[in-house]
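Trainee: I am new to this structure, and I would like to go through the terms used for it one by one.
Mentor: Then let us look at it together and set each value against its definition.

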Amino acid sequence: IHLTGQRPTHQLFKGLWKSSCQNKHKVFFWLLLNDRLSTRQILRRRNMFLPSYDCVCCHLEMEETLLHLFFDCPFALACWAKISIALIGNSTWQILENIKDQLHLPFSMEIIIMFCWSLWMQRNDLIFRGIQPSPLGCVQSFKREFALVILRAKSRTKDHMLEWLEALV
């Protein structure tokens, strides 16, 4: 029984705080889960003027929303496909739950957090450094970052994480 006004904590939040990721990655993902990441849609909501509010990673002239940037954008879809993840669902929550189910690993949260981080960094590198994003670049960035997460992981999980990472094409 829940007290009035309280809602149960979603499993994704529990997995987030238990993950082996660095705090900056946990906070990033917490912002993503709460739709508080500074996407162009959020910047517009905060009355920040930009020449365009469209996604910079594709040429569909779609507003850069959280859902678009991470899960609907052709660039994001191509990146997820590189690690054999199909994005299924109508909301961020459904899609993330579906990714967890597809991975079916005790460290799936670490994979999801770090992959979203890699997508975000590809986008930021384009905006702030003029570096063209690529699905291969995203996966390479993910592999580097995930290797660092393995160093922070509990010893019983490290070997399994390393095996999974090395098996990625």
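**Salt bridges, exposure and a pocket**

Mentor: D125 and R129 both lie in helix α7, four residues apart, which is about one turn of the helix. This is a predicted model, in which local features need pLDDT of at least 70 and side-chain atom pairs count only at pLDDT 80 or more, while totals for chains, interfaces and linings use all residues. Residues are numbered from 1 along each chain as its sequence is written, and side-chain values use heavy atoms, with hydrogens and water left out.

Trainee: What makes D125 and R129 a salt bridge?
Mentor: A salt bridge is a side-chain nitrogen of Lys or Arg within 4 Å of a carboxyl oxygen of Asp or Glu. The closest N and O atoms of D125 and R129 are 3.0 Å apart, so the pair meets that definition.

Trainee: Why is R129 called exposed?
Mentor: Exposed means over 50% relative accessible area, buried under 20%, and partly exposed in between, with a 1.4 Å probe and protein chains only. R129 has 58% relative accessibility, and therefore counts as exposed.

Trainee: How many salt bridges does the structure hold?
Mentor: The structure holds four salt bridges, and one of them joins R45 to D35, with the closest N and O atoms 3.3 Å apart. R45 lies in helix α3 (residues 40-45) and D35 in the loop between α2 (23-33) and α3, so this pair ties together parts that are ten residues apart in sequence. Helices here are DSSP runs (H or I, at least four residues), numbered from the N terminus.

Trainee: Why does R45 count as partly exposed?
Mentor: Its relative accessibility is 48%, so R45 counts as partly exposed, and D35, at 25%, counts as partly exposed too.

Trainee: Which residue forms a salt bridge with E64?
Mentor: E64 pairs with R123, the closest N and O atoms being 2.8 Å apart. This pair links distant parts of the chain, since E64 is in the loop between α3 and α4 (66-72) and R123 in helix α7, 59 residues apart. Both E64 and R123 are buried.

Trainee: What classes of residue line the largest pocket?
Mentor: A pocket is an open set of points on a 1 Å grid over the protein atoms alone, where a 1.4 Å probe fits, with protein on both sides within 12 Å along at least five of seven lines; lining residues have an atom within 4 Å of a point. The lining of the largest pocket has six nonpolar, seven polar and six charged residues.

Note on methods. Nonpolar A, V, L, I, M, F, W, Y, C, P; charged D, E, K, R; others polar. Helix = DSSP H or I, 4+ residues; strand = E, 2+ residues; numbered from the N terminus.
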